Amino acid sequence: MTKFRAKLTLILILLIGCSMLIVGLFMAKVLEDSHIQALEDNMERELKVILATGDWTRNGSDSELMSYYTEQAKRIKASTDSRLTYVRADGRVLGDSDQSPEQMDNHLTRPEIVTAAANGVGYTTRYSDTLKENMLYAAIPVKKGEQITGYIRLAMSLEQVDRSILHLWYFLISGLAILFVIAGIVSYRIAKGITRPIEKMTRVAKQITNMNYESRVPAYSNDEVGQLGQAINRMSESLQQQMARIQENERRLQGVMENMISGIMMIDREERIVLLNPAGEDILGFSAQELLGKKYNEAKQQYEFTKLIQECIETREPISDEMIFYYPAEMILEINLIPIAHEDEEWSGVLVVLHDTTAVRRLERMRSEFVANVSHELKTPIAAVKGFAETLLAGALNDKDTAVSFLQIIFDESERLNRLIGDILELSKIESKRIPMHFSPIYMPEFLEKTVSVLRKEAEKKHIELSLYVDEDIYIEADEDRLRQILINLLSNGINYTQDGGKVKVRVEPLEMNGDGDYERLRIIVSDTGIGIPKKDLPRIFERFYRVDKARSRSSGGTGLGLSIVKHLVELHKGTIRVDSEVGVGTKFTIELPVIH
Ligand code: ADP
């Protein structure tokens with residue numbers, strides 16, 4: 001039972017108890033009065049009967065009368081159990097049931113006698129000197145005609161009256177007690193009726209505090225308590241909606257945070273790290289668990305970075321900077337520090353946005369290197385053309401043999417220049433993915449035969465044996481022109497970097513055969529028995545303009561872009577390329593391509 005219910009029950013019991021007590025007391029008084037009234041009425045009736053049945057107007061001497069009335073009085077007392085006194089009109093007692101009349105004083109001034117004389121009946125309650133106890137007296141006059149000749153008086157011990165009143169009280173008190181118990185039960189039930197909805201509401205309110213927004217108060221009456229319940233329900237509903245909205249927003253924000261490529265770190269007013277998204281964890285090399293709650297300057301971060309945050313905290317100005325980080329990996333980071341301010345407060349922390357610009361910067365560097373390389377590559381043939389042309393103009397033209405050889409050089413150099421520019425344009429086209437791929441099924445034996453025949457003449461010049469190994473029924477889905485370019489580049493490299501009388505081979509093998517004998521990938525191997533590539537150069541030969549031996553490459557008319565183009569074209573086919581080589585033994589390029597796109 002709750003305190004409130006206990007209190008309410010107590011108040012109700014007290015209220016009911018008090019009112020019952022007052023009513024009880026009042027009733028007891030009324031009952032007592034009416035009891036005495038009834039007694040008095042009874043005595044009056046008895047007196048009248050006694051008056052009517054006895055002879056109370058006798059004549060005779062005093063002693064005669066005295067003995068007669070005393071005798072009468074005693075006789076009546078025997079049957080009524082009440083003291084009877086006969087008083088003559090002058091107040092002299094002539095008979096008494098309990099006392100000898102001679103010893104009794106004049107009774108004319110007794111109040112009951114006085115009122116009986118005046119009103120026809122008189123009562124009084126008084127302490128009797130004769131009987132030494134409280135008595136109720138009733139008296140009526142005895143008349144002869146209109147003349148009062150005496151009074152008869154009945155006296156009843158009040159003890160009897162008191163006893164009966166006590167009885168009355170007992171009855172009343174036990175009645176009251178029973179009523180009190182009933183009142184208690186009723187009070188409890190009433191209190192319960194009132195407090196139960198309130199208790200339920202309290203429970204619901206507690207559940208709402210514990211974030212259980214589904215809980216509702218059952219529908220009660222339409223009174224104030226019921227309205228309170230409805231208000232709680234509405235509040236709970238709106239809380240539930242708001243909570244759902246907040247959670248939805250939180251989920252969205254969480255999604256953004258988790259999937260963001262930039263690292264986000266938040267530092268609060270106490271300079272503690274309060275948020276770190278997964279990208280931030282990766283960039284900084286610390287888990288959120290390690291950093292959350294720590295002060296930014298105790299988070300074991302790079303000194304300059306910590307300094308930058310401190311500067312932002314001190315100046316409250318946004319800061320943007322780029323910095324090289326060495327842990328967990330070397331990278332270039334763009335760091336943006338933004339002081340966060342809410343409308344109501346001046347400043348609430350710093351938002352740190354980390355952006356890994358390593359790739360961008362590397363690309364930029366490669367671009368500028370490329371431009372430098374291109375200019376350099378272009379300069380060489382142009383310088384040659386210019387130099388020889390100048391020499392010719394200066395008079396060499398007159399020497400026919402020299403002139404022809406110079407013109408041949410100029411022609412070769414411009415040819416190289418043309419090739420170079422062609423390759424550069426091709427490469428930039430491929431890199432920028434401007435040319436769409438045209439995939440079509442290619443029947444490999446026929447395709448390879450045609451491709452190889454383009455280079456046969458050149459191979460024959462160097463007495464190089466060009467051989468082809470491909471099974472019947474081999475098809476691939478590819479961009480025919482690009483696939484041809486891949487093979488021509490590799491094969492011409494093979495011919496170029498192989499001594500006279502060497503061998504260049506093309507082999508095609510199906511890969512990843514499935515149960516039905518179908519293959520999912522195709523391996524194309526171009527190998528030669530040429531000069532080979534030193535180990536240290538192997539990782540770089542796919543780079544633009546990279547050549548193992550510049551002079552040799554130039555003399556063979558190479559641009560240093562061939563393998564770079566090959567790699568890009570293979571990647572456009574979603575394939576891979578690999579090189580194995582041993583100096584003086586030969587080189588092997590292995591390409592693997594998916595069959596279906
Ligand atoms: P290049 O136009 O100079 O041949 P590539 O990009 O085709 O340029 O090749 C880069 C370099 O790789 C060449 O300069 C050469 O040194 C080396 N290389 C390529 N293919 C072979 C090969 N089959 N044997 C030996 N070296 C090769």
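A residue counts as near a molecule when one of its heavy atoms lies within 4 Å of that molecule. The views below show a predicted model, in which local features need pLDDT of at least 70, side-chain atom pairs count only at pLDDT 80 or more, and totals for chains, interfaces and linings use all residues. Residue numbers start from 1 along each chain as its sequence is written, and side-chain values use heavy atoms, with hydrogens and water left out.

**View 1. The shell around the ligand.** Here 19 residues surround the ligand, and the closest are Asn493, Asp528, Ser553, Thr559 and Leu563. By type, the shell splits into eight nonpolar, nine polar and two charged residues; Ala, Val, Leu, Ile, Met, Phe, Trp, Tyr, Cys and Pro count as nonpolar, Asp, Glu, Lys and Arg as charged, and the others, Gly among them, as polar. Helices (H or I, at least four residues) and strands (E, at least two) are DSSP runs, numbered from the N terminus.

View 2. A side-chain N or O atom of Asn493 sits 2.8 Å from a ligand oxygen. On the backbone side, a polar atom of Val548 is 3.1 Å from an oxygen of the ligand, and one of Leu563 is 2.8 Å from a ligand oxygen. The protein covers 97% of the 530 Å² of accessible area that the ligand has on its own (Shrake-Rupley method, 1.4 Å probe).

View 3. Most residues other than glycine have a negative phi, and most peptide bonds are trans. Met211 is not a glycine, yet has a positive phi of about 65°; look for Met211 in the loop between helix H4 (158–209) and helix H5 (224–259). Tyr327 and Pro328 are joined by a cis peptide bond, with omega about 0°, and Pro328 lies in the loop linking strand S8 (319–325) and strand S9 (331–340).

Notes:
A polar contact is a pair of N or O atoms within 3.5 Å; within protein, one must be able to donate a hydrogen and the other to accept it, and residues adjacent in sequence count only if both atoms are side-chain atoms.
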